[in-house]
Amino acid sequence: MRRAAFAVAAGAMAVSLAACGSAKESGGDSSSSSSSSAKKGDAIKVGLLLPENQTARYEKFDRPLIEKKVKELTNDKGKIVYANAKQDASLQNQQVDTMITNKVDVLIVDAVDSAAIKSSVQKAKDSGIPVVAYDRLAQGPISAYTSFDNETVGKTQGEALLTALGSKAKSGKIVMMNGSVTDPNAAQFKKGAHEVLDGKVNVGKEYDTKDWKPENANANMEGAISALGKKNIIGVYSANDGMAGGIITALKAAGIKVPVTGQDAELAGVQRIVAGEQYMSVYKPYAPEADAAAEMAVALAQGKALDSIAKDKVDSPTTKQVPSVLVPVQSLTKDKINDTVIKDGVYTVADICTAQYKAACDKIGLK
């Protein structure tokens, strides 16, 4: 039902490209990774490793979109071998070993821990299996990378929070709830947010939230309320929607209503935006990202160059000049729901406006 809409959105999306980071050693040559094997046809085997299932996006969007695009690109002959690490870096390393044993032709890996995956990426390369880093810039000799412009995500969140606070931006303190230290994206979101917020707000408490878990964000928020006092908190920077849910639960329990940011446009997050509980989310159109990963993976498996797909290069901490595709993002507030997640077929109005949210939907004209 939604897949066709995603395909249209992917085709229409203009991809913006940028480079970031610094390198210590080279290894991002798209041609060398697959030079050890003869060019293959459509009957390829693609290993797909996703990091966790706490965040709704991975099973609901990323996995089916990548599977669909691989099938499309290989005339329905390509096979996806899938595993989810459930936020366990050691398990993910074992899953890479299993993929190598199963002789996949290429790996798409969204790393639980970008540094911990390094040795496994090296093992795959040594076995002649190129690795596409998906969504997070994994360390090691990766052959390609696709994600969103992560510093822009943080800037978008910070700008939205400033807009929500208006003239009250320095009238109290904000709490910053960043993501997990094991996720390089979290550091980029944090950097982008600080670039916008520093000097314009007073940060009362700041946390790096273990494993991105909502329950950890909830506990951190309870600690912040206790430390700062509920009358002194004027807003919360939350790096994603899952954590925003835990944060808002703590705020409600303390009788606090302030602007809270988010990311991923999860259904629960969009519904909280409709209800006025969460100020905004960052809409990241998954179809262009998933399509880019599938296109690069199929090309690498078939021994083809990435020049026509990846127009730019990104440096990781370990690998220079990785062929990359970075996808732009959009701020999603209640007035942007129609033009983003509904327009692109991510959700229908019926998905969002359940009985609990019907009155709120009616109020903002979402019908």
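Which residues are buried in helix α4, residues 118–126? Before I answer, some housekeeping. This is a predicted model, where local features need pLDDT of at least 70 and side-chain atom pairs count only at pLDDT 80 or more, while totals for chains, interfaces and linings use all residues. Residues are numbered from 1 along each chain as its sequence is written, and side-chain values use heavy atoms, with hydrogens and water left out.

Okay, back to α4. The buried ones are S120, V121 and A124; buried means under 20% relative accessible area, with a 1.4 Å probe and protein chains only. They cover an arc of only 100° around the axis, so they sit on the same side of α4. That arc is taken from the directions from the helix axis to the C-beta atoms. And what covers them? The cover includes helix α3 (89–101), plus strands β3 (106–109) and β4 (131–134). Just after α4 comes G128, with a positive phi of about 80°.

Now let's zoom out. The protein has 13 helices and 12 strands; these are DSSP runs, H or I of at least four residues for helices and E of at least two for strands, numbered from the N terminus. Of its 367 residues, 56% count as buried. Take the contacts (heavy atoms within 4.5 Å) with a separation of 6 or more: 74% of them are between residues 24 or more positions apart.

Last topic: aromatic rings. How many aromatic pairs does a search of the whole structure find? It finds 4. Rings of Phe, Tyr and Trp (its six-membered ring) pair if their centres lie within 6.5 Å; planes under 30 degrees apart are stacked, over 60 edge-to-face, and the rest tilted.

Look at F148 and Y286: their ring centres are 6.3 Å apart and their planes are at 80°, so this pair is edge-to-face. F148 is in strand β5 (residues 144–148) and Y286 in helix α10 (residues 286–301), so to speak distant parts of the chain, 138 residues apart. Both F148 and Y286 are buried.

F189 and W212 are edge-to-face too, at 6.2 Å centre to centre and 70° between the planes. F189 is in helix α6 (residues 184–197) and W212 in the loop between β7 (203–208) and α7 (214–228), so the pair ties together parts 23 residues apart in sequence. Finally, ring pairs link F61, F148, Y286 and Y347 into a cluster.

Notes: Buried < 20%, exposed > 50% of the residue type's maximum accessible area, 1.4 Å probe, protein only.
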